[in-house]
Amino acid sequence: GLPIADVCLILEGTYPYVRGGVSTWVHQLITGLSDLTFSLLLISTRRDEARHAEYELPKNVVSFVEVYIQDTIDDRGQQCPAHAKNEAWGHVRAFHEGDEAKRLLAIGALLDSVAEHQSLSVHDALFSSEAWSFVTERYEEKAAGTSFIDWFWTWRSVHAPLLQTLISEIPPARVYHAICTGYAGLLGVVAKRRTGRPLVLTEHGIYVRERTIDIGRAEWIYEEPVRIR
């Protein structure tokens, strides 16, 4: 297995492939704390063999794991108890149907269920009969009368990265440090609940604004067409 690092840095779309303020900060942090060992857990969109690193990894980086949240993996061989899988779907339903307080409880229960039993595989959540029933029920309740195809693919686009995050490989470390909120923050929570180790979050202040701009420009978000008569 991977060596246990003192600190696992959870990064999103930055170091070591992208230069900029956050990446420079990360590189300086690692090199400035040369008495500590680091593992890097990088969240990327898709595998890209053409990329090259903009930074040479310091010698105190002992492992590097990359998570591709838009590459749907084939994990049909994953086995878990049937009751755990049913409970996981119950947590998913509670998250979508409850108020804010109930949603927080439901997502926590789902994280624990996945951590303990690996109860919800990507294949189960996207391609199983339970998934189809869940998506069609939500459609009838929330969006009946609009395009089901648009509803289906928007649902997939939103949920697939979250599911990939929940089942990601977590390098062993004594402390986990997420460099921003978003997927990195979620993966940090997954690491904390799966390992029991402390989690530190450093928010660099621009993530929410950048994602708001991304959503505003996104072409995959469904907008009901306006009919002019």
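Me: How many residues does helix H2 have, and what is its reach from first C-alpha to last?
Reply: In this predicted model, H2 covers residues 82-97, which makes 16 residues. At 1.5 Å a residue, 22 Å is expected. The reach from first C-alpha to last is close to that, at 23 Å.

Me: Why do the buried residues of H2 line one face of the helix?
Reply: Buried here means under 20% relative accessible area. In H2 that group is Ala84, Ala88, Trp89 and Val92. Seen down the helix axis, these buried residues line one face because they fall within an arc of 140°.

Me: Which element gives the most residues to the lining of the second largest pocket?
Reply: This pocket has a volume of about 380 Å³. Its lining takes two or more residues from each of H2, H3 (100-117), H6 (148-166) and H7 (182-195). The top contributor, with 5 residues, is H6.

Me: How many charged residues are in the lining of the second largest pocket?
Reply: The lining has 17 residues, with Phe95, Ile107, His159, Leu162 and Leu186 the closest to the pocket centre. By class, 14 are nonpolar and 3 are polar. The number of charged residues is none.

Me: How many residues does the second, separate core have?
Reply: The largest nonpolar core has 36 residues, and Leu110 and Leu187 are among those with the most contacts inside it. The second core is separate and includes Tyr15, Leu42, Tyr55 and Val61. Its residue count is 12.

Notes. Residues are numbered from 1 along each chain as its sequence is written. This is a predicted model: local features need pLDDT of at least 70, side-chain atom pairs count only at pLDDT 80 or more; totals for chains, interfaces and linings use all residues. Side-chain values use heavy atoms; hydrogens and water are left out. Helices (H or I, at least four residues) and strands (E, at least two) are DSSP runs, numbered from the N terminus. The expected span of a helix is 1.5 Å times one less than its number of residues. Buried means under 20% relative accessible area, exposed over 50%, partly exposed in between (1.4 Å probe, protein chains only). The arc is that of the directions from the helix axis to the C-beta atoms. On a 1 Å grid over the protein atoms alone, a cavity is a set of points where a 1.4 Å probe fits but cannot get out, and a pocket is an open set with protein on both sides within 12 Å along at least five of seven lines; lining residues have an atom within 4 Å of a point. Grid points are joined across faces, edges and corners, and a volume is the space filled by probe spheres set on the points. Ala, Val, Leu, Ile, Met, Phe, Trp, Tyr, Cys and Pro count as nonpolar, Asp, Glu, Lys and Arg as charged, and the others, Gly among them, as polar. A nonpolar core is a set of buried Ala, Val, Leu, Ile, Met, Phe, Trp, Tyr and Cys residues joined through side-chain atoms within 4.5 Å.
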